Amino acid sequence: MDAAAVPATAMPVGPCARIPAEHSGFIREILDRVGDKWTLLVIATLQRGVRRYSDLQQTVPGISQRMLTLTLRQLVHDGLVTRTAYAEVPPRVEYALTPLGISLLDIVGSVIDWASAHHDQIRENRTRFGHGHGPTKPAPTG
């Protein structure tokens, strides 16, 4: 069968073409993790060095205790952040980027800088299309 006879969905193009089919699901999970807003902000905050939980909670705007705990747990599980607990009273826990986490800093910084540089344009577009500040919602049907 020649390439013209193969449906377009069977032949990925662009960056997806480089991903072996057997790895695509896991790579999507990784992209979901590192593309998450809380992950980006926590990693950016940790670029300045070791931080305690309370420091992170105060420094990452808008993050709830639950989301910070979940995000840190996932980052530790993926090897992007270390968690060091000290046997003290009161207990002290510190978080720091691993070399793998540090390798994301340029990308994270670029995404945050881009969002900061273009937020006015995006806000204007959302307003023009009637979506205000929040995420878009599907129109009611029926």
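Which residues line the second largest pocket?

1. Basis of the note. The structure is a predicted model, in which local features need pLDDT of at least 70 and side-chain atom pairs count only at pLDDT 80 or more, while totals for chains, interfaces and linings use all residues. Residues are numbered from 1 along each chain as its sequence is written, and side-chain values use heavy atoms, with hydrogens and water left out.

2. Overall fold. The protein chain contains six helices and three strands; these are DSSP runs numbered from the N terminus, with helices being H or I of at least four residues and strands being E of at least two. Along the sequence, the elements follow the order α-α-β-α-α-β-β-α-α. Of the 142 residues in the chain, 19% are buried, where buried means under 20% relative accessible area, exposed means over 50%, and partly exposed lies in between, with a 1.4 Å probe and protein chains only. Contact means heavy atoms within 4.5 Å. Among contacts with a separation of 6 or more, 44% are between residues 24 or more positions apart.

3. The strands. Two strands are said to pair if DSSP finds at least two bridges between them. Strand β3 (residues 92-97) pairs with β1 (residues 51-52) in the antiparallel sense over two bridges. Strand β2 (residues 81-86) also runs antiparallel to β3, and six bridges join these two. A hairpin is formed by β2 and β3, with five residues between them. Strand β3 is mostly covered, since five of its six residues are buried.

4. Tyr-95 and its partners. Within β3, Tyr-95 is the bridge partner of Arg-51 and also stands opposite Arg-83. Elsewhere in β3, Arg-92 stands opposite Tyr-86. When neighbours within four places in sequence are left aside, the contacts of Tyr-95 include Leu-46, Leu-56, Leu-72, Val-76 and Val-81.

5. The nonpolar core. A nonpolar core is a set of buried Ala, Val, Leu, Ile, Met, Phe, Trp, Tyr and Cys residues joined through side-chain atoms within 4.5 Å. The largest one has 20 residues, and those with the most contacts inside it are Val-42, Ile-43, Leu-46, Val-81 and Tyr-95. Two or more residues come from each of α2 (37-46), α4 (65-77), β3 and α6 (105-128). The element that gives the most is α2, with six residues.

6. The second largest pocket. A pocket is an open set of points on a 1 Å grid over the protein atoms alone, where a 1.4 Å probe fits, with protein on both sides within 12 Å along at least five of seven lines; its lining residues have an atom within 4 Å of a point. The lining here consists of Phe-26, Glu-29, Ile-30, Asp-32, Arg-33, Val-34, Asp-78, Leu-80, Leu-100, Ser-103 and Leu-104. Helix α1 (residues 24-34) supplies the largest share, six residues. By class, the lining has six nonpolar, one polar and four charged residues.

7. The largest pocket. The lining of this pocket includes Lys-37, Leu-40, Trp-114, His-119 and Ile-122. Helices α2 and α6 each supply at least two lining residues, and α6 gives the most, with seven.

Technical notes. Ala, Val, Leu, Ile, Met, Phe, Trp, Tyr, Cys and Pro count as nonpolar, Asp, Glu, Lys and Arg as charged, and the others, Gly among them, as polar.
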